[in-house]
Amino acid sequence: MSSTNAQFSQVLSKTLPPKMLFNLPKESVYAERQTVQFTAQGGPEFAPGNSISVLLPPRDDMMDTHCTFLQFSAKTTDANVAFCNGIFSVIDRVRIYSASGALLEELPYYNLRQRIEADVTVPQYLKDLCLGVAQGYFASGADKFAVSSGLHRYMLPIKSALLANQKHLPMKYTGGIRVEFTLAPGSDACVVKNNAIPGYTVKDVCIVSDLIKLNDQQIAVMDAAFKKQGLKLFGTTYNHHFLNYSVPNSTLNISDRSASQKDILLSFRNNAVLNDNAKDSFLCAKTITSYQFSVAGRLFPQRPIRCDDYASEAFVELTNAFHGHVIGAGLTVDKFNAPAKGTFVVGRDLKSSRTVVSGDKSCKSQAVDMQVILTSSVAPNQRVDAFIGIDVVYEFLPTGEINIYK
């Protein structure tokens, strides 16, 4: 008997005119897809400052990381308290550990890094959709205090080298990993009115993922390959650095020794805004008049980037850093150029190619700091956060040993 695929091909060739025919997908070994919940340990409720752990055990399945989400319910503790825009605001830090407790990946100030990305890349119409609301964005015209004080279920992708970069993660050969989420202080994650005390609760936390269930033949082939050469996973992550910016015209050092530096993002936040619970703590300020990077004595770019007027030069640089995906609701003229409560960030792409691994290695090979050269017309009263995007390779060996190269 001919296969179902062959029967379909015969029927299709008699149904469609020749110009509308397409190549059929090749038949492969059968595998099943299922959706699984991995529930958080402890709870059931968590408060600001708590750490939440979710274990992803070793099993024969492949995890589809593009269909893997953190899910939880959350609400503020007072009707006069609202979440900042984007429910990722409640996640201060993400850590990923091996089964033996070794730290595999750390993502500090996760909420600020995700807020920068959202302001730059997420347009308002996406925030108005159901999925946008499910990720904690406020739809146009929504009362953020009324929305936040009600208990809602949220769903977030996990932006991580291990849990986002490769399409399929072979869970069996990682030996099991533990994902830890540290909740941010209420003063960071929320805004208030009427002098309310910022606070919130999180409950029913789990990681939901689509798993590809393999058959015995596939598992045997993969087991043999793993015993022979282990498993290597490639991804991108970031390092975070605080910069001391207290003098208007300054050269700031970033001591980062990563082997492959891909890009850099700088956010400038006004301390007066940060210390005011009534204001969004992730708002950024445009107070510099120019910037330039120096990497091992080489200037990026060759002349300073101006940030006066509409900061159009800085905007083009930011476009390059995000590979053209700059359509976010935070990039309006009034927000991007706001001197205190806006969305201004500095971005610089350090790669020589977007199609191969080509991050800059000068800082590590020459043991020197990257430098940021800033000019400003006012005395800075700001906190500067630097995020260095880097390449990382994980090697899981049959002996249980894990090597990390970055």
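**Rings, a surface patch and a buried serine**

K193 lies over the face of F145, 4.5 Å from the ring centre. A charge counts as over a ring if NZ of Lys or CZ of Arg is within 6 Å of the ring centre and within 35 degrees of the ring normal. The model is predicted: local features need pLDDT of at least 70, side-chain atom pairs count only at pLDDT 80 or more, and totals for chains, interfaces and linings use all residues. Residues are numbered from 1 along each chain as its sequence is written, and side-chain values use heavy atoms, with hydrogens and water left out.

Now the aromatic pairs. The whole structure holds eleven of them. Rings of Phe, Tyr and Trp (its six-membered ring) pair if their centres lie within 6.5 Å; planes under 30 degrees apart are stacked, over 60 edge-to-face, and the rest tilted. Y109 and F242 make an edge-to-face pair, with 5.2 Å between centres and 75 degrees between planes. Y109 sits in the loop between β7 (103-108) and α2 (110-121), and F242 in strand β13 (residues 231-243), so this pair ties together parts 133 residues apart in sequence. Helices (H or I, at least four residues) and strands (E, at least two) are DSSP runs, numbered from the N terminus. F242 is partly exposed, at 47% relative accessible area. Buried means under 20%, exposed over 50%, and partly exposed in between (1.4 Å probe, protein chains only).

Y173 and F226 are arranged otherwise. Their ring centres are 4.5 Å apart and their planes at 25 degrees, so the pair is stacked. Y173 belongs to helix α7 (residues 171-174) and F226 to helix α9 (residues 216-229), 53 residues apart. Both Y173 and F226 are buried. Elsewhere, Y245, F268, F315, F336 and F344 form one aromatic cluster.

Next, the surface. Y125, L126 and L129 form a nonpolar patch with about 300 Å² of accessible area together. Like charges are joined within 9 Å, nonpolar side chains (Val, Leu, Ile, Met, Phe, Trp, Tyr) within 5 Å. Areas come from the Shrake-Rupley method with a 1.4 Å probe; for residues, only the protein chains shown count as cover. L126 lies in helix α3 (residues 124-128). Its relative accessible area is 35%, so L126 is partly exposed.

Last, S260. This serine is in the loop between β14 (250-254) and β15 (261-270). S260 counts as buried, at 9% relative accessibility. Its side chain reaches the backbone nitrogen of G359 at 3.3 Å. A polar contact of 2.5 Å also joins the side chains of S260 and D391. Such a contact is a pair of N or O atoms within 3.5 Å; within protein, one must be able to donate a hydrogen and the other to accept it, and residues adjacent in sequence count only if both atoms are side-chain atoms.

Technical notes
Patches are made of residues with over 30% relative accessible area and no salt bridge: like charges are joined within 9 Å, nonpolar side chains (Val, Leu, Ile, Met, Phe, Trp, Tyr) within 5 Å. A salt bridge is a side-chain nitrogen of Lys or Arg within 4 Å of a carboxyl oxygen of Asp or Glu.
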